[in-house]
Amino acid sequence: MSTVESSPALTSSPGADSAPGAGASVETGDSAPVPPRIVPKKHAPRLRALDGLRLIAALMVAAYHYGGRDGEVTGAWGTSPQLQFPTLHTWFAYGCLGVQIFFVISGFVICMSGWGRSLRSFFASRVSRLMPAYWAAIVIVTAVFALPVVAYHAVSPSDALVNLTLMQQPLGADRVLGVCWTLWAEVRFYALFALCVVLPGATRQRVILFCAGWTLAAAIAQEAREPLLDLILMPEYAPFFIGGVGLYLVHRDRRDAYAWGIVLVSWLIGQHYAVARLWHAPDPQFFSNRSSTGIILVVTLGFVAVAAVALGWLNRANWPWLTVAGALTYPFYLVHEHLGWVAIKAYHQSLGIPSYATALLTVVTMLILAWLLNRFVEDRLTPRLRSALSKPR
């Protein structure tokens, strides 16, 4: 789910963490100190291909929620999605791996956006990016589910208020948004990265140590089976975040052997966790059967796609509409599942629209809602919130 942004970040030459002699005066032939000429750092061009990849990951998750699983969506269709999509439901079941791809993208983007930033600036950037659309989604879904014509369970008023903090999962409250568990994983990643990298100052060596240390600690946590360690270190998702961070190091210097090592180890561990969690032996009681080969292939394609962005192979994919796609991804991701149930039931059961057309119409409807959230919520509140949180006190 990143739930993330690919904003341009300040860059430096590959492998150079700081310019030598920065801030010192320059001696001339007359031995008179002359203030150094300050050259503004240039912003890296926006990686629009990464925006497109984020939307693809979000659409994968939507395909899974609409046709790759049963549960609440069965009530929206009136029957199991297996009957609605007799062939495609097996493919849609792999869409849940879009979350792992989101985490790889998030690792890349958070390392990029956190490089050279103060802790205050990093915190302001993350909060202002996540919360406005999230708050709006909580309010909208809660309000829609409270309508008498919508036959879905609405959380209690108390739990709805707790959801506004993004702390509902550790506090044991009912979730308004089914996808918010991925945001809780993102928040923990942000906290680890902020404390270990942003606070002391991002350097190549520090980022490499962070990746290596987290990888080892997560493996130890898995073996120890200690709930607190699992909560903090997230062994199941750590390799995807770490792999994304490694790919950003590759983006800075494609010849960095340590960065490639981080990516390789993260892919090897990540595919293991994905198979362990999502594979099961063929069983008619299960909705669908994902093969271990298929899971490994999807995880691999996710890493390869982000690597292609990191290496600049997709720089030609610089179409402006990809920026729009990137802007819509996060609000779409927030609202698509629960409000998608309402749209599916209205289109399919009330209006009698065929299942494939209903799925497409539901995606389009959620994209339109995402555009409205981006236009009237994010565009207005995000800059103001970032500015308020960035001001020194």
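Tutor: Start with one term: buried means under 20% relative accessible area, exposed over 50%, and partly exposed in between, with a 1.4 Å probe and protein chains only. This is a predicted model, where local features need pLDDT of at least 70, side-chain atom pairs count only at pLDDT 80 or more, and totals for chains, interfaces and linings use all residues. Residues are numbered from 1 along each chain as its sequence is written, and side-chain values use heavy atoms, with hydrogens and water left out.

Student: OK. Is Met-234 buried or exposed?

Tutor: Met-234 has 3% relative accessibility, so it counts as buried. Its phi is near 50 degrees, a positive value in a residue other than glycine.

Student: Where does Met-234 sit?

Tutor: In the loop between H11 and H12. Helices here are DSSP runs (H or I, at least four residues), strands are E runs of at least two, and both are numbered from the N terminus.

Student: What about Arg-225, what is its phi?

Tutor: Near 55 degrees, again positive in a residue other than glycine. Arg-225 lies in the loop between helix H10 (204-224) and helix H11 (227-233). Its relative accessibility is 65%, so Arg-225 counts as exposed.

Student: Zoom out. How many helices and strands are there?

Tutor: The protein chain has 16 helices and two strands. Of its 393 residues, 48% count as buried. The chain exposes about 18800 Å², and carbon and sulfur atoms supply 66% of that. Those areas come from the Shrake-Rupley method with a 1.4 Å probe; for residues, only the protein chains shown count as cover.

Student: And the contacts, what share is between residues 24 or more positions apart?

Tutor: 76% of the contacts with a separation of 6 or more. Contact means heavy atoms within 4.5 Å.

Student: Now the core. How many residues are in the largest one?

Tutor: The largest nonpolar core has 114 residues. Helix H15 (residues 320-350) gives the largest share, 12 residues. A nonpolar core is a set of buried Ala, Val, Leu, Ile, Met, Phe, Trp, Tyr and Cys residues joined through side-chain atoms within 4.5 Å. Among those with the most contacts inside this core are Phe-108, Phe-189 and Trp-214.

Student: What does Phe-108 touch?

Tutor: Leaving aside neighbours within four places in sequence, its contacts include Leu-47, Leu-50, Tyr-248, His-251 and Val-306.

Student: How many aromatic pairs are there?

Tutor: The count comes to 23. Rings of Phe, Tyr and Trp (its six-membered ring) pair if their centres lie within 6.5 Å; planes under 30 degrees apart count as stacked, over 60 as edge-to-face and the rest as tilted. One of the pairs is Phe-189 with Phe-241, stacked at 4.5 Å centre to centre and 20 degrees between the planes. That pair links distant parts of the chain: Phe-189 is in helix H9 (residues 180-198) and Phe-241 in helix H12 (residues 238-252), 52 residues apart. Both Phe-189 and Phe-241 are buried.

Student: Why does Trp-319 with Trp-321 count as stacked?

Tutor: Their ring centres are 6.1 Å apart and their planes are at 5 degrees, so the pair is stacked. Trp-319 is partly exposed, with a relative accessible area of 45%. Trp-321 is exposed, at 54%.

Student: Last ones. Is Arg-126 buried or exposed?

Tutor: Arg-126 counts as buried, because its relative accessibility is 4%. Arg-126 lies in helix H6 (residues 119-145). Its side chain makes a polar contact with the side chain of Ser-125 (3.5 Å). A polar contact is a pair of N or O atoms within 3.5 Å; within protein, one must be able to donate a hydrogen and the other to accept it, and residues adjacent in sequence count only if both atoms are side-chain atoms.

Student: And where is His-280?

Tutor: In the loop between helix H13 (257-278) and helix H14 (292-310). His-280 counts as buried, at 15% relative accessibility. Leaving aside neighbours within four places in sequence, His-280 is in contact with Phe-286, Ser-288 and Asn-289.
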